[in-house]
Structures are given as C-alpha cells and as structure tokens.
Amino acid sequence: MMKKILIILCLMLTIIIPVYVTAASGPSDSYDPNPMTGSGAWSYIKVTPTSGETDRTHYIFSNYTTNTEGQVDRVKGLSYNKKNNTLTLNNYNQEDVTISVHNMGTGFKIQLKNKKNKLRSIKVTNDNGWDSGLKISGNGSVTIGNKTDHNHVPLDVAGKCSLKAKKIKLVAEKPDVGSGLGLRYTLMVKDNKAKKPFSTTMKYSKAVEINTFEMESGGAITSSKDTITFTKKKK
C-alpha cells in the first residue's frame, strides 16, 4: 500500500513541478508559461523600433503565440532558417530598429549579405537557464549604432560572441552631457562560464580599447566604449 502511495506522489510531482532544460545549440521546441505545468523557454527573434511604435514590432521567429505577442511576420531584408538557426540580413537598412534575440541557444548565427545593412542594436538575452550566444559571419557588412543614442549598446550579448564577417562597424554615441551619464558601451559581451567570451578573426584599430574583466561569480565581461570597425583579414 505504501509503495503505491509513493508512486502516485511521484507522478503528481512530475505533473506539478515545471521542468527547465538548458539549451544545446538552438531554440526551445515549445514553451508553456503556466506556473504549474510550464516547461521549456520562450524563444524568439523580433525587431523593435527604438521609438516604441508597437505597430512596427515584428517577430521573425517565436515558439509561443498569443493574440498580442509572438505572431511571426515577414520582414523585408530579414529571414530565419530554423534548421541552421541562422538569421540572414540582406540589405536590411533600419537605423532605428533593435534586433532582440531571446533564448535562441548557443549556436545562434547572424549571416550578413550585401553592404547596406544598418540598425540600432543587436541584443541577445536568455532566461530559464537557456544558454545563449551569437556568431556573426558572411560576406556582407553591417553598421550598428547611432551617435545620438544614449539608451542602446550596439552589440550586447549574454553568452559567447564571435565575429567572422566581412565588415562590422559599432558606432559610439556622443556623451549625454544633459544627464551626466557620459559615453555608453559600444560592445558588451557577458558570459558566466567563459574567461574569454568574445572572439574575432577580424582586424580592428589598435587605438581601440577592448577590455575583458573576470567576474567574481565566474566568467567574464568584454567591453569597449570606442567606435570599432572590424574588417575581414586579407589572405
């Protein structure tokens, strides 16, 4: 009798307790936000105007959909291939837009095509223990940032970041004299596991300061406050 009771209790706990899984290299297959049965993580890629215009916020990929969020739209210049976990930018020129990448795994990639790619920022985040990262590659170019913006880091990545494209320019903003906040970061890569979260095969000016600091809790932060232009090394 006692054995049967224990089996029933174990089954009840399996149903009630949410299961959180750490990602391998891609997005979560599905997401259930119910606090009693919830599992997985909400994985998505979306573009959001820095002006806050909600009618111009579009999901490129989402594994969770409601009446108001997660509905995937076609956006000219952007395409996502789930099989390769790759977002392609092809002449995507939207200076006031942030690309938000959430819970897309350690293998998430951005491929650059053509020269006229431009946006305000790329922000990679994660939660529910779903590891994240970013690799930018391709034969195209992109300019990220705006000199007058005081609220967005051009490249802000939670997880490892690797740059292996043709040309990537991160624009440093002007100091915000009015608020006294000063110059913000152009590059911020944080990883609680890696001592060197940032890597690149591209060259950049020696005058640019890119610093890496180890965190007390483990891992490291790589950051820079300068305008940085990364270019592919000639063979």
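This report describes a sheet, a loop residue and a cavity in a predicted model.

**The sheet**

Strands of a sheet pair through backbone hydrogen bonds, either parallel or antiparallel. Here six strands make up an open sheet with mixed pairing, in the order E5-E6-E8-E10-E13-E16. Strands E5 and E16 stand at the edges with a single partner strand each, so one side of each has no neighbour in the sheet. From one strand to the next, the twist averages 15 degrees.

Within this sheet, strands E10 and E13 run parallel and are joined by five bridges. Ser-137 stands opposite Lys-164 in E13.

| E5 | 78-81 |
| E16 | 198-200 |

Gly-129 sits in the loop between strand E9 (117-125) and E10. Its relative accessible area is 41%, so Gly-129 counts as partly exposed, a class that lies between under 20% for buried and over 50% for exposed. Gly-129 and Ala-41 are 88 residues apart along the chain, and their C-alpha atoms are separated by 8.5 Å.

**The cavity**

Rolling a probe the size of a water molecule over the atoms shows where empty space is left. One cavity of 30 Å³ or more is present in the structure. The largest cavity holds about 50 Å³ of space. Among the residues lining the largest cavity are Arg-120, Asp-149, Glu-173 and Arg-184, along with Gly-145, Asn-146, His-152 and Thr-186. Pro-154, Val-171, Ala-172 and Tyr-185 also belong to the lining. By class, the lining has four nonpolar, four polar and four charged residues.

Methods:
Residues numbered from 1 in each chain as written. Predicted model: local features only at pLDDT ≥ 70, side-chain atom pairs only at ≥ 80, totals over all residues. Heavy atoms only, no water. 1 Å grid on protein atoms, 1.4 Å probe; cavity = no way out; pocket = protein on both sides within 12 Å on 5 of 7 lines; lining within 4 Å. Points joined across faces, edges and corners; volume = space filled by probe spheres on them. Nonpolar A, V, L, I, M, F, W, Y, C, P; charged D, E, K, R; others polar. Pairing = 2+ DSSP bridges. Helix = DSSP H or I, 4+ residues; strand = E, 2+ residues; numbered from the N terminus. Axes fitted to C-alpha atoms, helices over the stretch in contact; angles between N-to-C directions. Buried < 20%, exposed > 50% of the residue type's maximum accessible area, 1.4 Å probe, protein only.
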